[in-house]
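Here is a short briefing to read beside the structure. Keep the 3D view open and find each residue as it comes up.

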Amino acid sequence: MSVLVYIESDNGTIKKAALEVASYGRALANTLNTSLSAVVFSSENSELLGNYGVDKVLTVDFSEKFNAKVYADIITQAAQKEQASVVVLSSSADSRYLAPMLSVGLDAGYVPNVIELPTQTQPFTVKRSVFSNKAFCKTEITTEVKIIGLSNNAFGLVEHAVSPQTESFSPKIIASEITVENIDKATNKVSIADAETVVSAGRGLKGPENWGMIEDLAKVLCAATACSKPVSDLGWRPHSEHVGQTGKPVASNLYIAIGISGAIQHLAGINSSKVKVVINTDPEAPFFKAADYGIIGDAFEVVPKLTEKLKEFKAQNA
Amino acid sequence: MKILVCISHVPDTTSKINFTNDNTTFDNNGVQFVINPNDEFGLTRAMWFKEKQNATVDVVNVGGPETESTLRKALAIGADAAFRVNTAPTDGFAVAKELTKVAQDGGYDLIIAGRESIDYNGGMVPGMMAAALGASFVNNCIAIEIEGGKATAVREIDGGKETLTSTLPLVIGGQKGLVEESDLKIPNMRGIMMARKKPLTVLKPTENKTFTASVHFEKPAPKGAIKMVDADNIDELIDLLHNEAKVI
Ligand SMILES: Cc1cc2nc3c(=O)[nH]c(=O)nc-3n(C[C@H](O)[C@H](O)[C@H](O)COP(=O)(O)OP(=O)(O)OC[C@H]3O[C@@H](n4cnc5c(N)ncnc54)[C@H](O)[C@@H]3O)c2cc1C
Ligand SMILES: Nc1ncnc2c1ncn2[C@@H]1O[C@H](COP(=O)(O)O)[C@@H](O)[C@H]1O
């Protein structure tokens with residue numbers, strides 16, 4: 001028996017979401033009185049996993065780029081080798097791609113968007129968000145092996161130092177009918193999924209030419225930029241920035257909404273962010289009912305001021 | 001080319017979410033149901049294949065009789081035939097198994113599903129279906145072309161996108177981007193009239209194996225009051241975010 005976590009890296013560096021998955025896996029292994037194994041594909045800093053309680057690191061002897069079918073099969077083999085009773089993944093695009101295939105491969109029930117440790121283990125019951133964060137659902141997983149997709153930023157990082165055992169893992173590699181032809185990824189930008197802070201703007205900004213101040217604010221905060229749906233439909237910003245119920249979900253620690261009214265579909269997608277700040281000229285904007293901190297004011301005045309003040313703050317607290 | 005579009009029947013995005021039976025059942029009362037938004041993009045893309053490449057397009061839902069209005073809407077948009085597998089969709093795996101059977105029997109080249117249903121946000125049915133069928137799978141799909149029995153698809157990844165090629169059969173988990181919002185097809189009068197004559201076949205469910213069970217629902221705790229900060233006092237906001245919320 002063991003708990004197995006899938007550790008994702010980005011350019012050879014372990015992602016923060018993966019360390020969060022390790023933290024969760026550690027706590028879960030304690031609850032189940034078992035050990036924690038991690039499966040890692042090419043990463044330069046896997047020794048870091050010892051800080052988050054991983055007992056055993058399986059380093060996969062396979063250096064090719066992400067291919068979901070091949071990766072899912074390798075993780076399935078790792079789970080079988082480790083006799084994993086629970087496999088934990090993050091909520092990244094790649095993890096969400098893999099998990100359903102793993103589920104079929106391992107005959108294991110999969111629950112996504114899990115927000116905390118199991119509420120009980122007999123029967124094995126987890127709490128997940130449903131209806132785009134408008135509700136939670138306690139869900140029983142009735143299969144022998146279980147798969148958990150952990151919501152980003154739901155559990156946080158918990159340090160727990162151990163000295164992991166490292167093992168090189170040489171799985172059987174299957175063929176895939178899918179070929180990755182090209183990857184187009186901005187290397188200098190934080191993605192919405194990985195960001196701890198997201199700066200988001202809406203139609204209140206009047207036009208695409210005004211996004212410079214949003215990018216400046218995002219830059220001081222090392223934040224990702226996002227937008228409301230009409231802004232992407234109008235072509236002011238790329239579709240990949242559209243957040244909300246029908247766009248990308250946001251589960252950041254800090255979400256700053258500028259010139260966004262706070263329609264139900266927008267809020268549904270961003271509500272699991274921990275702290276929400278709204279800047280809007282209209283005191284009646286529904287967003288004020290959903291946020292933690294609010295400023296009634298003109299974005300064109302408030303945002304540049306906020307950026308300047310944050311620069312000063314950062315300089316002092318560096 | 002034969003295309004199957006999987007249509008999930010979900011509460012409209014403006015719905016108030018409530019539960020009954022001691023918080024064990026979703027409360028349908030007063031809720032308007034629609035085609036899952038991700039599936040709407042897929043269905044419109046399928047219509048493009050029908051018009052430009054002579055594809056036939058079937059639609060399928062796993063659900064009770066109440067979902068037939070949603071399937072009729074898909075027929076009115078232009079699908080050729082509809083199937084309804086007559087069972088309550090209680091678990092993603094069970095739904096995927098039923099859809100797999102329909103897909104196998106129909107011998108489809110391309111199976112279009114959505115990235116996720118906006119009700120349970122499972123995001124699992126298409127991937128499970130692909131694995132069960134032994135077909136290729138592209139999730140978060142934002143573009144798809146098929147030429148000479150080969151598909152080229154674009155997948156959204158965190159922070160960018162990826163172009164893939166694949167053999168058929170292929171299952172996609174689609175989303176906005178497959179077509180533009182402004183190109184989404186809505187039923188017109190003629191479509192609605194024609195839909196009445198198109199076949200909607202009710203199928204018996206095959207097996208009843210589930211992996212999970214939703215046992216209890218709850219709503220988030222009411223939000224605390226917002227703290228307002230004066231637009232001329234940005235320092236206070238920074239102080240609150242640093243010392244109180246501890247997020248900067
Ligand atoms: C099926 C469906 C799905 C949808 N899915 C999504 C989704 O996923 N995500 C999403 O975002 N929307 C979604 N929507 C759209 C949603 O209903 C709203 O229309 C949209 O969120 C509004 O965008 P907005 O707040 O940018 O624009 P508006 O509603 O036009 O609001 C602009 C705001 O800016 C404020 N403002 C104006 N000038 C200034 C200024 N100088 N400084 C500060 N504030 C200013 C105004 O007071 C106003 O509150 C969906 C709609 C439907 C029907
Ligand atoms: N009951 C259902 N009937 C038909 N298709 C479904 C059903 N449930 C889910 N799907 C398809 O699978 C996609 C993802 O759904 P889910 O895995 O439930 O989030 C949806 O967008 C649909 O295309």
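Predicted model: local features only at pLDDT ≥ 70, side-chain atom pairs only at ≥ 80, totals over all residues.

**Chain B as a whole**
- The C-alpha trace of chain B spans about 65 × 45 × 40 Å along its principal axes.
- Chain B has 248 residues, and 54% of them count as buried.

**A nonpolar patch on the surface**
- Which residues form a nonpolar patch on the surface? They are B:Met189, B:Ile192 and B:Met193.
- Together these residues have about 290 Å² of accessible area.
- B:Met193 belongs to helix H5 of chain B, which covers residues 189-197.
- The relative accessibility of B:Met193 is 41%, so this residue counts as partly exposed. The partly exposed class lies between buried, under 20%, and exposed, over 50%.

**Aromatic pairs**
- How many aromatic pairs are there over all chains? A search of the whole structure finds 16.
- One of the pairs is A:Tyr6 with A:Phe41. Their ring centres are 6.1 Å apart and their planes meet at 80 degrees, so the pair is edge-to-face.
- This pair links distant parts of the chain. A:Tyr6 is in strand S1 (residues 2-7) of chain A, while A:Phe41 is in strand S4 (residues 35-41) of chain A. The two residues are 35 residues apart.
- Are these two residues buried or exposed? A:Tyr6 is buried, at 4% relative accessible area. A:Phe41 is buried too, with a value of 4%.
- A:Phe66 and A:Tyr71 form another edge-to-face pair. Here the distance is 4.9 Å centre to centre, with 65 degrees between the planes.
- A:Phe66 has 11% relative accessibility, so this residue counts as buried. A:Tyr71 is buried as well, at 7%.
- Both pairs belong to one aromatic cluster.

**Charges over rings**
- In chain B, the charged end of B:Lys2 sits over the ring of B:Tyr108. The distance to the ring centre is 4.8 Å.
- B:Arg45 lies over the face of B:Phe49. Here the distance to the ring centre is 5.0 Å.

**An enclosed strand**
- Why is strand S7 (residues 109-114) of chain A described as largely enclosed by the rest of the structure? Because six of its six residues are buried.
- S7(A) runs parallel to strand S11 (residues 146-150) of chain A, and four bridges join them.
- Opposite A:Tyr110 stands A:Ile147, in S11(A).

**A sheet of six strands**
- Strands of a sheet pair through backbone hydrogen bonds, either parallel or antiparallel.
- One open sheet has six strands with parallel pairing. Their order is S15(A)-S14(A)-S16(A)-S17(A)-S18(A)-S15(B).
- Which strands stand at the edges? They are strand S15 (224-227) of chain A and strand S15 (227-228) of chain B. Each has a single partner strand, so one side of each is left without a neighbour in the sheet.
- Within the sheet, strand S14 (residues 197-201) of chain A pairs with strand S16 (residues 254-258) of chain A. Five bridges join them in the parallel sense.
- The bridge partner of A:Ser200 is A:Ala257, in S16(A).

Note on methods: Residues numbered from 1 in each chain as written. Chains lettered and ligands numbered in written order. Heavy atoms only, no water. Patch = residues over 30% accessible without salt bridge, like charges linked within 9 Å, V, L, I, M, F, W, Y side chains within 5 Å. Areas by Shrake-Rupley, 256 points an atom, 1.4 Å probe, with all protein chains shown as cover. Salt bridge = Lys/Arg side-chain N within 4 Å of Asp/Glu carboxyl O. Buried < 20%, exposed > 50% of the residue type's maximum accessible area, 1.4 Å probe, protein only. Phe/Tyr/Trp six-rings, centres within 6.5 Å; stacked < 30°, edge-to-face > 60°. Lys NZ or Arg CZ within 6 Å of the ring centre and 35° of its normal. Pairing = 2+ DSSP bridges.
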